[in-house]
Amino acid sequence: MDGNHIVRTVMLSLKVNSEVYARLKEVEEEYKQILEDAIDYGLRNNINSFTKLKAGIYRQERAKHHSLPSHYIYTACEDASARLKSYLKRRKQGKAYTDKPEIRNVSVHLDDHLWKFSLSEVRIVTRKGWVSLKPFFTKLFWRYYNDGWALASESSFKLCKGNVVKLYLVFKRPLPKPFEAKGYIPVDLNEDNVSVLLDGKPLLVETSVKKITLGYAYKRKRISEGRSTKDRVVRRALKSLKERFKKLDIRRKLAKLIVTEALREGKGIILEDLPKNTPEKMVQDIKDKQLRDRIYKSAFASLKNAIVEKAKEFGVPVLLVNPAYTSSVCPIHECKIIYPPDGSSAPRVGVCERGRERWHRDVVALYNLLKKAGNVSPMPLGSKESHDPLTVRLGEWLRAKSLHLTLNVNKMMGMTV
Ligand SMILES: [Zn+2]
């Protein structure tokens, strides 16, 4: 997303003859050199904006690469600018492990002067004029192409083994205007689950993010114990764990399901506006700081972003509220809820100091989020759901089309979900 648009990339894998491949290879090599020069220049002069990089190196690069179409210098400077910005950001966070941005993966960026697209032919300009590539379109391509998305004027290509050119097309669509919400669905994020109020009923959706993260941490430790992580075998074994992919899959699908429910009920979504650093309420039992950060990021920060982005895509309004006291104050009596200490059999179920009714921590948060949005609909006083909400397991919702359907099916079958 670039603020006003939703952006999607579609990759086309195109087989070309050796001559076309060789000419694109020349472009790639020169592009790579320009990219390296631009990055070195940026680091030396402490600049990272496209305009300044271009102003700084254009003449020298033009002289060096005189037969390469000049717009490749522009796109290489844009590429360098993006790489420098993300590198400096990582360095600031202490996560840059090299003394300059690594250029391992190069795809040659193209602007509207460097390529032409039509359904019968894709043309890319090289040192000796245009080359023509015969496109082969995927199902995904047609979905965007026929579905009101506009093909952007920029794209990029990458050369692969066997005379294959990977072409990355960019589709854009303007974001819809958020609709007028008829109330809100509160969503509370936790380490291993997300709670939501669906048709007015609290529901705990299991994500197991903490469990998964700890599981992978254990596996990583076993693989790399006593061995260098630079070792090829170790690196390959670590890579095959696919932790990121698994969590990304959970995040994307859950965001989609929550947004689908909001659309169905014509409601907006309320979420806690999470603090930059790990919130108080999470992972008190994890001492390893790196691991805590990892859990925080995937269970809270990234999931929140995924929901916000998905909501924007469908015009669902999102309200972010202050997270203070959301699970420690009774939403009915406005006094403290006393939770048993960690380690007891049900540390997430507390008792209201005044009304003595029982509350599940994640359900309390839901009603308090609603209250923060100014909602005063009736709350269940001492009902079963308030301390023992329905739970949907990861395996049950991950392939589901909608959350409320999962619930209905389970109810009809008389199962406890
Ligand atoms: Zn109470």
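This is a predicted model: local features need pLDDT of at least 70, side-chain atom pairs count only at pLDDT 80 or more; totals for chains, interfaces and linings use all residues.
Q: How many Å apart are the end C-alpha atoms of helix H1?
A: Helix H1 covers residues 18-45, which makes 28 residues. At 1.5 Å a residue, the helix should span 40 Å. The model agrees with that expectation, because the distance between the end C-alpha atoms is 40 Å.

Q: Which residues of H1 are buried?
A: A residue counts as buried when 20 or more other C-beta atoms lie within 10 Å of its own. Along H1, the residues that count as buried are Leu24, Val27, Glu30, Tyr31, Ile34, Leu35, Asp37, Ala38, Ile39 and Gly42.

Q: Are H2 and H3 parallel, antiparallel, perpendicular or oblique to each other?
A: Helix H2 spans residues 50-64 and helix H3 spans residues 71-92. The two pack with their axes 9 Å apart, at an angle of about 135°. Angles over 145 degrees count as roughly antiparallel and those from 65 to 115 as roughly perpendicular. H2 and H3 are therefore oblique.

Q: Is the crossing of H2 and H3 left-handed or right-handed?
A: H2 brings Phe50, Leu53, Lys54, Tyr58, Glu61 and Arg62 to the contact, while H3 brings Ile73, Tyr74, Cys77, Glu78, Ala80 and Ser81. These residues divide into seven nonpolar, one polar and four charged. As for its hand, the crossing of H2 and H3 is right-handed.

Q: Is Asp199 buried or exposed?
A: Asp199 sits in the loop between strand E9 (193-198) and strand E10 (201-206). Its phi is near 50°, a positive value in a residue other than glycine. Asp199 has 11 C-beta neighbours inside 10 Å, and a residue with 12 or fewer falls in the exposed class. Asp199 therefore counts as exposed.

Q: Where is Tyr325?
A: Tyr325 is another residue other than glycine with a positive phi, near 60°. With 14 other C-beta atoms within 10 Å, Tyr325 is partly exposed. Its place is in the loop between strand E12 (318-321) and strand E13 (337-338).

Q: How many helices and strands are there in the protein chain?
A: Along its principal axes, the C-alpha trace spans about 80 × 50 × 40 Å. The protein chain holds twelve helices and 16 strands.

How values were computed
Residues are numbered from 1 along each chain as its sequence is written. Axes are lines fitted to C-alpha atoms, for helices over the stretch in contact, and angles run from 0 to 180 degrees between N-to-C directions. Helices (H or I, at least four residues) and strands (E, at least two) are DSSP runs, numbered from the N terminus. Angles under 35 degrees count as roughly parallel, over 145 as roughly antiparallel, 65 to 115 as roughly perpendicular and the rest as oblique. A crossing is left-handed if the near helix is turned anticlockwise from the far one by less than a right angle, and right-handed if clockwise. Two residues are in contact if their C-beta atoms, placed from the backbone, lie within 7 Å. Ala, Val, Leu, Ile, Met, Phe, Trp, Tyr, Cys and Pro count as nonpolar, Asp, Glu, Lys and Arg as charged, and the others, Gly among them, as polar. The expected span of a helix is 1.5 Å times one less than its number of residues.
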